[in-house]
Amino acid sequence: MDGAVTDRLLGRPDFVIGDDNRVRVTTTGNYPWSAIVHLEMTFPRGSGTCTGWLIGPHTVATAGHCVYGADEGGWATRVRVLPGRNGGQAP
């Protein structure tokens, strides 16, 4: 793909390269899907969302850019963890 096409497609959750064989998981309350978490962060100058996964009863693993945003004022001041989120439903 050329750069212009790639730029238009970035950030589009409905775009998949190749065949799209994904199937919606509806049993997100069951393991292993319940170990995948949706994160809602509050930063000094904004908010954001990300994903992570449970690695213990009180521990979440995620990427560093999920909890630190230079443009948002630095480290997240609040992180809400929603395990097994399914659309608008969160256990």
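Cys50 and Cys66 form a disulfide, with their sulfur atoms 1.9 Å apart. A disulfide is counted here when two cysteine sulfur atoms lie within 2.5 Å. In general, a disulfide is a covalent bond between the sulfur atoms of two cysteines. A search of the whole structure finds one disulfide. Cys50 lies in strand S2 (residues 46-56) and Cys66 in helix H2 (residues 64-67), so the pair ties together parts that are 16 residues apart in sequence. The torsion about the S-S bond of Cys50 and Cys66 is about -40°, so the disulfide is left-handed. Cys50 and Cys66 are both buried. Buried means under 20% relative accessible area, exposed means over 50%, and partly exposed covers the range in between (1.4 Å probe, protein chains only).

The structure is a predicted model, in which local features need pLDDT of at least 70 and side-chain atom pairs count only at pLDDT 80 or more, while totals for chains, interfaces and linings use all residues. Residues are numbered from 1 along each chain as its sequence is written, and side-chain values use heavy atoms, with hydrogens and water left out.

**Confidence and overall layout**

The pLDDT is the predictor's confidence in each residue, from 0 to 100. For the protein chain the mean pLDDT is 86, and 85% of the residues reach 70 or more. Confidence is lowest in H1, at a mean of 54, and highest in strand S5 (residues 74-75), at 98.

The protein chain has two helices and six strands. Helices (H or I, at least four residues) and strands (E, at least two) are DSSP runs, numbered from the N terminus. Starting at the N terminus, the order of the elements is α-β-β-β-α-β-β-β.

Of the 91 residues of the protein chain, 18% count as buried. The accessible surface of the chain comes to about 6,800 Å², and 55% of this surface belongs to carbon and sulfur atoms. Accessible areas come from the Shrake-Rupley method with a 1.4 Å probe; for residues, only the protein chains shown count as cover. Among contacts in the chain with a separation of 6 or more, 46% are made by residues 24 or more positions apart. A contact means heavy atoms within 4.5 Å.

**Salt bridges**

How many salt bridges does a search of the whole structure find? The search finds three. A salt bridge is a side-chain nitrogen of Lys or Arg within 4 Å of a carboxyl oxygen of Asp or Glu.

| Pair | N to O distance |
|---|---|
| Asp20 and Arg22 | 2.9 Å |
| Arg80 and Glu40 | 3.2 Å |
| Arg85 and Glu40 | 3.0 Å |

The side chains of Arg80 and Glu40 meet in a salt bridge. This pair links distant parts of the chain, since Arg80 is in strand S6 (residues 78-83) and Glu40 is in strand S1 (residues 36-43), 40 residues apart. Arg80 is partly exposed, with a relative accessible area of 40%.

Glu40 also meets the side chain of Arg85 in a salt bridge. Arg85 lies in the segment after S6 and Glu40 in strand S1, so this pair ties together parts that are 45 residues apart in sequence. Salt bridges that share partners join Glu40, Arg80 and Arg85 into one network. The relative accessible area of Arg85 is 31%, which makes Arg85 partly exposed.

**A nonpolar patch**

Leu54, Val60, Val79 and Val81 make a nonpolar surface patch of about 250 Å². Patches are made of residues with over 30% relative accessible area and no salt bridge: like charges are joined within 9 Å, and nonpolar side chains (Val, Leu, Ile, Met, Phe, Trp, Tyr) within 5 Å. Val79 is placed in strand S6 and is partly exposed, with a relative accessible area of 38%.

Is Gly52 buried or exposed? Gly52 is buried, with a relative accessible area of 5%. This glycine, Gly52, lies in strand S2. Leaving out residues up to four places away in sequence, Gly52 touches Ala35, Ile36, Val37, Leu39, Val60, Ala61 and Thr62. The C-alpha atoms of Gly52 and Ala35 are separated by 8.5 Å, and the two residues are 17 residues apart along the chain.

Pro32 lies in the loop between helix H1 (3-9) and S1. The peptide bond leading from Tyr31 to Pro32 is cis, with omega near 10°.
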